[in-house]
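Here is a short briefing to read alongside the sequence and the 3D view. Keep the viewer open and follow along topic by topic.

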Amino acid sequence: MPIRARRTRILWRTLLTAALAALIAGLMSPGAAQGAAEASRMPRESRPVYSYEDAIRESVWVDTRIDGDADGETDRVAVDIVRPRELDRRGRRIPVIMDASPYYSCCGRGNESQKKTYDANGNPVQLPLYYDNYFVPRGYGYVAVDLAGTNRSDGCVDVGGRSDVQSAKAVVDWLNGRARGYTSRTGTERTRATWSNGATGMIGKSYDGTVAQGVAATGVPGLRTIVPIGAISSWYDYYFAKGAPLYGSGPDRLASGIESPEARARCGAVKQRLIEGAPRSGDWTPLWSERDHVPDADRVRASVFVVHGMQDLNVRTKHFGQWWDALAENGVDRKIWLSQAGHVDPFDLRRADWVRTLHRWFDHELLGYDNGVDREPMADIERAPDRWSTDRVWPPRGTRAVELRPAKGTEPGVGTLGTRRGKGTETFTDDPRLSETAWAEQIDMSTPAKAGFTSKPLARDLRLSGSSTVTVTATPTTRTAHLSAVLVDLGPDTIRDYAAAGEGITTLPERTCWGPSTAGDSSCFKETRANTADVDYTIFSRGWADLGNWADARRGRPLTPGKPHTITLDLAATDHVVPKGHRLALIVAGTDRNLIEAPADTPTLTLDLARTSAKLPLVGGPGAFTTTASGTPREARLDGVAPPRRINPVPGGSTS
């Protein structure tokens with residue numbers, strides 16, 4: 001059933017239920033009606049009344065119905081389960097929270113890189129993170145799935161492809177009685193999830209959240225909600241930006257890092273297909289189409305609670321931006337949290353508020369409790385370290401794309417940014433040794449490797465909310481060239497130090513506990529605090545492209561030296577306020593060190609300013625951009641965070 005039709009049916013059902021309730025209340029005695037009304041207004045919350053120590057801990061193997069390792073047998077994935085024993089004895093069916101991951105044995109989960117452990121009989125003892133400790137005593141089942149080719153599962157790792165998605169989808173089907181489960185990896189004894197009511201919520205950070213989005217995009221019945229944290233929406237965009245490689249390796253290297261020893265021995269053909277299907281040219285191939293979930297947002301039946309760090313340089317924020325926009329276009333129920341940190345779980349940013357919100361979200365979506373979480377503001381945005389604001393909808397109403405244009409200044413490479421069309425040209429030479437921080441710290445200086453354009457000081461706060469684009473017309477001197485564009489807030493501030501090892505957090509020795517523990521599975525985790533930096537500028541959005549993709553975003557071609565080429569760079573989604581008195585800057589340059597790879601040549605590029613512009617999502621529309629008269633800034637080097645570190649492309653693993 002189409003999303004809108006389904007939601008219309010739900011709305012009529014809700015209205016009919018409300019009308020019947022009103023009729024019944026009218027027929028009640030005044031006292032009974034008052035009591036019913038009071039009961040309906042009381043908040044409902046699942047309580048920790050079931051024993052975690054005595055919970056059932058078991059493993060099953062679910063048939064995925066595909067033979068990824070080509071051994072003649074369909075693959076089975078390992079499913080480790082913890083669920084309340086008391087409810088099993090009563091025959092009560094319960095909802096399930098599920099985290100499907102490739103990292104349970106290779107890399108670990110969470111800030112403390114926890115791995116699964118088992119007893120002598122192979123039953124789970126420790127499942128990483130706090131989900132089982134916290135939610136099982138509240139009447140939920142918890143399921144931790146080893147994706148195909150990892151830990152105790154059959155099959156091969158295919159990095160976001162059909163096998164990954166089917167690994168988890170098959171478990172949702174099994175929980176709803178539509179797939180086969182077995183008591184062992186190779187045996188024939190069947191087992192059914194008679195204890196599950198089918199209502200499933202998937203959660204996970206990075207790779208895990210990516211799988212959740214992929215499963216949701218199949219429209220599988222029974223999946224009620226997903227909570228993707230720092231997740232990938234299109235695997236092409238994890239490895240490339242319009243042809244420009246973001247890393248020096250492809251998905252085959254990631255597969256090698258996470259597959260089990262058994263899979264490593266049998267999955268050479270699958271890995272070769274990853275190599276052949278993901279050429280380092282950056283051209284789009286069928287492999288990438290299979291791993292792009294954005295076009296399938298119209299199939300999503302589950303609600304979606306998106307979480308992302310706005311300074312995430314591993315799973316960059318284009319991922320949540322395009323996924324969010326596609327969900328909005330298709331009327332999917334959604335909620336979002338955006339932090340100032342990098343690739344960090346909200347459990348390590350805003351722990352108490354996060355657990356409370358997640359608890360209420362699952363209670364509402366999986367237990368059906370009317371606790372009001374669906375009527376609260378859609379968005380929580382971190383404005384400064386540990387200071388959050390909310391928005392009823394996101395992006396806020398009144399947000400409009402506004403075109404700003406660069407213009408020449410009094411010195412080469414030091415121009416202005418405003419609403420009027422510029423004239424003339426600016427020239428820079430790609431220097432792969434430099435990063436965005438080197439460009440930004442010398443924004444007011446004439447330097448050969450960048451073209452910088454700054455506004456005058458703002459007359460009032462300027463909020464950008466959503467995704468930006470920068471269209472560039474550039475004439476190269478070589479047959480290959482890469483481009484970067486960054487938006488910078490020029491002015492003093494205190495921000496989370498996303499460039500440090502903790503990406504905005506410092507881990508402390510003290511622990512807090514989130515549910516009961518057992519001898520083998522503690523619910524107590526190290527606390528964190530914000531790791532901050534005092535800066536003179538903040539880079540808050542970025543985008544990249546291979547200029548060779550100017551004619552076709554999905555296929556590159558050699559450039560013609562001396563000929564102008566026009567291309568649009570997609571900048572990462574964000575929500576940032578440039579305060580009154582600060583300046584807004586746009587920088588256009590070549591290779592952004594450690595964030596994209598350098599081209600084969602070392603080009604000099606000449607920008608046609610009349611044909612170069614930025615479209616920015618300004619809250620308040622065109623009237624929001626107002627500046628004051630100001631003198632020329634003195635030439636001074638500005639202080640910011642450290643340059644970007646080289647990131648090993650392992651989304652969410654401990655080696656990232």
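Which cysteine does a disulfide join to cysteine 106? The partner is cysteine 107, with an S to S distance of 2.4 Å. Please bear in mind that this is a predicted model. The points below start with the disulfides, then turn to the sheets, a helix and the nonpolar cores.

**Disulfides**

- Cysteine 106 is partly exposed, at a relative accessible area of 25%, while cysteine 107 is buried, at 6%.
- Another disulfide is formed by cysteine 156 and cysteine 267, whose sulfur atoms are 2.0 Å apart.
- The link of cysteine 156 and cysteine 267 is left-handed, with -85° about the S-S bond.
- This pair links distant parts of the chain, 111 residues apart: cysteine 156 lies in the loop between strand 6 (141-146) and helix 5, and cysteine 267 in the loop between helix 9 (261-266) and helix 10.
- Cysteine 156 and cysteine 267 are both buried.
- Cysteine 513 is joined to cysteine 524 by a disulfide with an S to S distance of 1.9 Å.
- The torsion about the S-S bond of cysteine 513 and cysteine 524 is about 100°, so the disulfide is right-handed.
- Cysteine 513 sits in strand 24 (residues 505-513) and cysteine 524 in strand 25 (residues 524-530), eleven residues apart.
- Cysteine 513 is partly exposed, with a relative accessible area of 46%, whereas cysteine 524 counts as buried at 18% relative accessibility.

- Twelve strands make an open sheet with mixed pairing, in the order 8-7-1-2-6-3-9-10-13-14-15-16.
- Strand 8 (190-191) and strand 16 (387-391) stand at the edges; each has a single partner strand, so one side of each is left without a neighbour in the sheet.
- Six bridges pair strand 9 (residues 196-205) with strand 10 (residues 223-229) in the parallel sense.
- Within that pairing, lysine 205 stands opposite isoleucine 229 in strand 10.
- Helix 13 (residues 351-366) packs on the sheet, where it touches strand 3 (94-101), strand 9, strand 10, strand 13 (303-309) and strand 14 (334-339).
- The direction of helix 13 makes about 160° with that of strand 10.

- The side chains of strand 30 (residues 604-608) alternate along the strand.
- Strand 19 (residues 425-429) runs antiparallel to strand 30, and five bridges join the two.
- Threonine 427 stands opposite threonine 606 in strand 30.
- Strand 22 (residues 469-476) also runs antiparallel to strand 30, joined to it by three bridges.
- In strand 30, leucine 607 has alanine 474 opposite.

**Helix 8**

- Which residues are buried in helix 8 (residues 251-258)? They are Pro251, Leu254, Ala255 and Ile258.
- Seen down the axis of helix 8, these buried residues fall within an arc of 100°, so they line one face of the helix.
- The buried residues of helix 8 pack against helix 6 (207-216), helix 7 (235-239), helix 10 (268-277) and helix 11 (286-290).

**Nonpolar cores**

- The largest nonpolar core has 101 residues, and Met202 and Tyr207 have the most contacts inside it.
- Helix 5 (residues 162-175) supplies the largest share of this core, with seven residues.
- Leaving aside neighbours within four places in sequence, tyrosine 207 is in contact with Pro102, Tyr103, Leu147, Val157, Val159, Gly160, Asp164, Trp235, Leu254, Ile258 and Pro651.
- Leu254 and Ile258, both in that contact list, are also among the buried residues of helix 8.
- A second, separate core has 35 residues, including Leu458, Leu464, Leu571 and Leu586.

Conventions. Residues numbered from 1 in each chain as written. Predicted model: local features only at pLDDT ≥ 70, side-chain atom pairs only at ≥ 80, totals over all residues. Heavy atoms only, no water. Buried < 20%, exposed > 50% of the residue type's maximum accessible area, 1.4 Å probe, protein only. Helix = DSSP H or I, 4+ residues; strand = E, 2+ residues; numbered from the N terminus. Arc of directions from axis to C-beta. Contact = heavy atoms within 4.5 Å. Pairing = 2+ DSSP bridges. Axes fitted to C-alpha atoms, helices over the stretch in contact; angles between N-to-C directions. Core = buried A, V, L, I, M, F, W, Y, C linked by side-chain atoms within 4.5 Å. Disulfide = S-S within 2.5 Å.
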